[in-house]
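Try each task before you read its solution.

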Amino acid sequence: MARLILELGPSTAATLGSRLGLTPAAIRRHLDNLIAEGLIETRTARTYGNRGRGRPAKVFVITDAGRSAFEHAYDDLATNALRFLAEAAGPEAIAEFARRQLADLERRYAPAVDQGNLAARVQALAEALSADGYAASAGPAPAIGGAGGGSGLPGHGAAGEQLCQHHCPVAHVAAEFPQLCEAETEAFGRLLGTPVQRLATIAHGDGICTTHVTGTTHAAEPETASEMASAGKARGSPAVVREGFFDAAGEGRATTDITSGSGGLLI
């Protein structure tokens with residue numbers, strides 16, 4: 001029944017009973033169970049023009065929790081669509097699609113992430129991601145392999161900053177198409193104006209997506225992320241850091257170069 005409400009949109013008990021061929025008592029029992037589980041909720045139906053006497057009609061609508069229960073169906077559709085795109089236009093088409101998808105995220109996040117020191121920008125990015133359902137957090141990063149960096153920020157170690165995403169809405173799709181994770185990493189690098197390293201991803205079986213943000217930048221004068229990214233492109237001789245995906249045992253899965261001159265672009 002929850003699927004039918006998802007497909008039909010706001011529906012009355014009478015409509016659902018008619019579609020399913022159930023008695024009013026049976027419909028009420030099913031609806032009460034779905035409400036108790038938090039999968040659907042009731043709302044007052046909108047009326048247009050003059051409404052007659054009696055109580056306003058009550059409709060049943062799917063909740064976010066109910067919609068999430070059917071996300072796997074949308075994952076299958078998205079995966080099949082990307083498979084077709086890869087077969088028809090090649091792997092680079094997937095990468096370009098992912099970049100275009102992330103372009104809107106960059107536009108929306110830029111005003112908040114473009115202000116303050118590095119720690120403040122990473123925190124702002126985490127808050128923006130959380131608002132979009134990624135349940136993100138940020139804080140000082142532990143040293144990677146004992147390597148030092150140097151953020152120069154009080155209370156933040158030389159290792160830089162760390163961004164964690166505890167939920168990924170596209171994890172199942174990204175497991176087959178890592179270009180989605182790569183495009184997201186590119187976007188983070190551009191927004192923060194400093195090299196970033198993706199250390200773990202939910203799509204690869206890790207508990208959380210973890211991104212290390214280098215504590216030092218390669219631009220001396222620019223003060224904002226956008227200025228820093230522009231300055232990096234103008235120099236044309238970017239420094240390179242390595243990005244690796246690690247499992248829980250610390251075994252490396254893949255390595256990709258990221259350039260600071262491209263604002264963290266994967267090449």
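The model is predicted, so local features need pLDDT of at least 70, side-chain atom pairs count only at pLDDT 80 or more, and totals for chains, interfaces and linings use all residues. Residues are numbered from 1 along each chain as its sequence is written, and side-chain values use heavy atoms, with hydrogens and water left out.

**Exercise 1.** Compare the span of α7 with the expected span.

*Solution.* Step one: take residues 118-131, which makes 14 residues. Step two: the expected span is 1.5 Å times one less than the number of residues, here 20 Å. Step three: from first C-alpha to last, α7 reaches 20 Å, close to that value.

**Exercise 2.** Find what lies at the two ends of α7.

*Solution.* At the start, a side-chain oxygen of N117 comes to within 3.3 Å of the backbone nitrogen of A119. After the helix comes G133, with a positive phi near 95°.

**Exercise 3.** Describe how α6 and α7 cross.

*Solution.* First, the axes (lines fitted to C-alpha atoms over the stretch in contact) come within 9 Å and cross at roughly 135°. Next, find the contacts (heavy atoms within 4.5 Å): L105, Y109, A112 and V113 of α6 meet R121, A124, L125, A128 and L129 of α7.

**Exercise 4.** Is V170 buried, partly exposed or exposed?

*Solution.* Locate V170 in the loop between β4 and α8. Its relative accessibility is 37%, so V170 is partly exposed (buried is under 20%, exposed over 50%, partly exposed in between; 1.4 Å probe, protein chains only).

Note on methods. Helices (H or I, at least four residues) and strands (E, at least two) are DSSP runs, numbered from the N terminus. A polar contact is a pair of N or O atoms within 3.5 Å; within protein, one must be able to donate a hydrogen and the other to accept it, and residues adjacent in sequence count only if both atoms are side-chain atoms. Axes are lines fitted to C-alpha atoms, for helices over the stretch in contact, and angles run from 0 to 180 degrees between N-to-C directions.
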